[in-house]
Amino acid sequence: MIAVPVAFRVVEPADVDAAMAAHAGEPGSRYLSGGTDLLVNLRRGLGSPSLLIDLRGIAELGGLACKAGAARIGAGVTLARIAADPELRARYPALCEAAGAVAGPAHRNAATVAGNLCLDTRCIYYNQSEWWRGANAYCLKYRGHVCHVAPQGQQCHAAFCGDLAPALLVFGASIEVAGRAGRRCMPLAELYREDGLAHLTLAAGELVVAVDLPADPSPSAYAKVRVRGSVDFPLAGVAVALRAEEGKLVALRVALTGTNSRPFLLDGTGDLLGRPLDADALKQLDRLVQKQVQPMRTTLLQSNYRRVAAAALARRLAARLAANQQVAR
Ligand SMILES: Cc1cc2nc3c(=O)[nH]c(=O)nc-3n(C[C@H](O)[C@H](O)[C@H](O)COP(=O)(O)OP(=O)(O)OC[C@H]3O[C@@H](n4cnc5c(N)ncnc54)[C@H](O)[C@@H]3O)c2cc1C
Ligand code: SF4
């Protein structure tokens, strides 16, 4: 990779209010957590902020607490810590599996929850060197006018490829966000919109403070397909949370990443409740996934492969969780 020289100042605020004040003083500035997404992009010439606001010294963002069956994870908690936490693994295995499947061990030691939830969308025409993108007239997402994936339209279809979001969505996680008007809580699903150019709904200067996970989670699992098994973004990633009682499904949530510009919860899984997870139910689940994912030509692998792979992962995970609870007949 030919790196672009980047010049920026770095400040290290002691608390969330100071971080937001620094952002308000320099609106083009960016928050920095582990830097494993942001710094790579800046070295490729994707953005040129004059100020980075390093959040790593803010104690409030580093907390991790499991109380009364629920969990609160600070925005700055590293993925390595999540993957290794025994209480989280016992209650929210999908989350720990997703955290352990992000990039490589060195990345996970630095990478954080909020950085993963807020990472930029990805596309083969975007995650390239400045030289490569310049030679191809850039693209709609940054500095260009045409989308090379869907040239007729004016929408960017870059894919959201964070592993953690689906694994949090299946538990109904919410996030605490700090902004100029104070703090607010919202369902994690509302952090995202289907727009590769602006996939986050955060207002200017807002930052994620923590993630809250409700108590009494259903048994869960996460899996992804990727090009390089040791270190790679998901071409498709699927989390499933499934509970069965007396041989019938009583709860089923499936969430996906890597296929759309936002991670999302699959619609229609409620129709499968009250029945055993038999071959027909698995077929129905497969159809739901294939209908709702929208993979575009943003990776080297074909869109249809990602569609079929997402459905296969959902089927396999659901079947495994059901078998563990002896639902399937
Ligand atoms: C080789 C390689 C492989 C990778 N593989 C994967 C993978 O398999 N799966 C995957 O999910 N990711 C992968 N990544 C991307 C990245 O490592 C992870 O997504 C990581 O979790 C990002 O977290 P971070 O703390 O380093 O984020 P940063 O780079 O610090 O920040 C990412 C974005 O989040 C914003 N941000 C940071 N903190 C906050 C906050 N508190 N509030 C609001 N915005 C904030 C930043 O401004 C920036 O826009 C890979 C990266 C590399 C280089
Ligand atoms: S989907 Fe289109 S606009 Fe978006 S990054 Fe790819 S080529 Fe650029």
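## Hairpins, sheets and a ligand

In the hairpin of strands E4 and E5, two residues sit between the strands, and Ala68 there takes a positive phi near 50°. That's our way into this structure, a predicted model in which local features need pLDDT of at least 70 and side-chain atom pairs count only at pLDDT 80 or more, while totals for chains, interfaces and linings use all residues; side-chain values use heavy atoms, with hydrogens and water left out. Residues are numbered from 1 along each chain as its sequence is written, and chains are lettered from A and ligands numbered from 1 in the order in which they are written.

Strands (E, at least two residues) and helices (H or I, at least four) are DSSP runs, numbered from the N terminus. Two strands pair if DSSP finds at least two bridges between them. Strands of a sheet pair through backbone hydrogen bonds, either parallel or antiparallel.

E4 covers residues 64–67 and E5 covers residues 70–74, and they pair in the antiparallel sense over four bridges. Which residue of E5 is the bridge partner of Leu64? That's Ile73. Lys67, meanwhile, stands opposite Ala70 in E5.

E4 and E5 belong to an open sheet of five strands, in the order E4-E5-E8-E6-E7, with antiparallel pairing. E4 and E7 are the edge strands, so called because each pairs on one side only under the rule of at least two bridges. From one strand to the next, the twist averages 20°; angles like this run from 0 to 180 degrees between N-to-C directions, using axes that are lines fitted to C-alpha atoms (for helices, over the stretch in contact). Over at the E7 end of that order, strand E6 (residues 174–179) and strand E7 (residues 182–187) pair in the antiparallel sense over six bridges. A hairpin with two residues joins E6 to E7, and Ser174 stands opposite Pro187 in E7.

Let's go back to the start of the numbering. Here, three strands make an open sheet in the order E1-E3-E2, and this time the pairing is parallel. Its edge strands are E1 (9–11) and E2 (30–32), each pairing on one side only. The twist averages 30° from one strand to the next. E1 and strand E3 (residues 51–54) pair in the parallel sense over three bridges, with Val10 standing opposite Leu52 in E3. Helix H1 (residues 16–25) packs on this sheet and touches E1, E2 and E3, its direction making about 175° with that of E3; contact here means heavy atoms within 4.5 Å.

Further along, strand E10 (residues 236–245) and strand E11 (residues 248–257) run antiparallel and are joined by nine bridges. Val240 stands opposite Val254 in E11. The two strands form a hairpin with two residues between them, where Glu246 in the turn has a positive phi of about 50°. E11 also pairs with strand E12 (residues 264–265), antiparallel over two bridges, and Leu256 stands opposite Phe264 in E12. This hairpin has six residues between its strands, and Gly258 in the turn has a positive phi of about 85°.

Finally, what surrounds ligand 2? Among the residues around ligand 2 are Cys123, Cys139, Cys147, His148, Cys156 and His157, where being near means having a heavy atom within 4 Å. By class, the shell has nine nonpolar, two polar and one charged residues, with Ala, Val, Leu, Ile, Met, Phe, Trp, Tyr, Cys and Pro counted as nonpolar, Asp, Glu, Lys and Arg as charged, and the others, Gly among them, as polar.
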